[in-house]
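Dear colleague,

I am handing over the structure below, and after it I set out what was found there. Please read the terms along with the findings.

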Amino acid sequence: MALTLYVDTARWRAHHKHVQEQFPGLVPVCKGNGYGFGHERLAEEATRLGADVLAVGTTYEAARIKDWFGGDLMVLTPYRRGEEPVPLPDRVIRSVSSIDGVYGLVGARVVIEVMSSMKRHGVSEQDLPQLHAAIENVRLEGFAIHLPLDRTDGSDAVEEVIGWMDRLRAARLPLHTMFVSHLKADELARLQQQFPQTRFRARIGTRLWLGDHEATEYRGAVLDVTRVAKGDRFGYRQQKVASDGFLVVVAGGTSHGVGLEAPKALHGVMPRAKGVARAGLATVNRNLSPFVWGGKQRWFAEPPHMQVSILFVPSDAPEPKVGDELVAHLRHTTTQFDRQVDH
């Protein structure tokens, strides 16, 4: 009995091919928990796509994935002097976001990140004159720009990239390759048309692996069902049941990421109101679970345990049976499954 990730393999892979066709020179990204699929699986899928470069988050991820992917590995986290040395093969490309970082990687293959409107990390326009001398002692694979997802000021992503292309060109820096993140297919095409001498390569993770929501589904198996009456005590804290119904023990707990939620940016009045309402319910121990039964998301009876969750299903709903599976609306990037089933 497990928390299972079901993958409609043909549909999932068809989506990969569609994205690859939209973004020539695509660099797949495999970081964190492998977008819910695991590093080994995504390395296998990247190989299937014929990718020559796979982007990973950290040097530690690169050290693991190198045995599963035979092409180049690009580490997205920028190099910093004093970081713990991790033994890596020569096919690893390091990201750098400072002049000092470039000087610290003599002889290495590097991609230099420029500071975008994300304001996360990157070299500044003022750094460019110093880059000439710095890049003489590294193998420059290109420059990179990581763009924001939303542009609430109405600015144009393409114009931001063009601005940096002009600055780099004015500084007489090599512009053979520019790695970009969070551009639309038509935006990438516009850039490629305007700068035919530069190869633009999109680094894509979420859109590639998670872009077709119907291709994957989490389900938790029912392990036990206990009929309860209003006022019965249950669970670790021996709370009272509010009404007649069933306590349903389902596979999927905190070790799987159930009950853990990444903060979301809320836009508009209604989502904010719903957020306030959920917070108010949580103060009286009412938390909606990600598990669906009888067409409705069901409430946690108490906070999820390490490997299972206990749900309350009211008596007017169908009685779940041991072995049934409940669909679970879980975030891929925070979920760890017990098993993965292709169908």
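In what follows, Ala, Val, Leu, Ile, Met, Phe, Trp, Tyr, Cys and Pro count as nonpolar, Asp, Glu, Lys and Arg as charged, and the others, Gly among them, as polar. The model is predicted, so that local features need pLDDT of at least 70 and side-chain atom pairs count only at pLDDT 80 or more, while totals for chains, interfaces and linings use all residues. Residues are numbered from 1 along each chain as its sequence is written, and side-chain values use heavy atoms, with hydrogens and water left out.

With that classification, the lining of the largest cavity has two nonpolar, three polar and two charged residues, namely Glu113, Val114, Ser116, Met118, Arg120, His121 and His146. A cavity is a set of points on a 1 Å grid over the protein atoms alone where a 1.4 Å probe fits but cannot get out, whereas a pocket is an open set with protein on both sides within 12 Å along at least five of seven lines, and lining residues have an atom within 4 Å of a point. The largest cavity holds about 60 Å³ of space, a volume being the space filled by probe spheres set on the points, with grid points joined across faces, edges and corners.

The second largest pocket holds about 870 Å³, and among its 32 lining residues Lys31, His146, Leu149, His182 and Thr206 lie nearest its centre.

As for the fold, eight strands close into a parallel barrel in the order E2-E3-E4-E5-E6-E7-E8-E9, where two strands pair if DSSP finds at least two bridges between them. Strand E3 (residues 53–56) is joined to strand E4 (residues 72–75) by four bridges, and valine 53 has aspartate 72 as its bridge partner in E4.

Best regards

Definitions and conventions:
Helix = DSSP H or I, 4+ residues; strand = E, 2+ residues; numbered from the N terminus.
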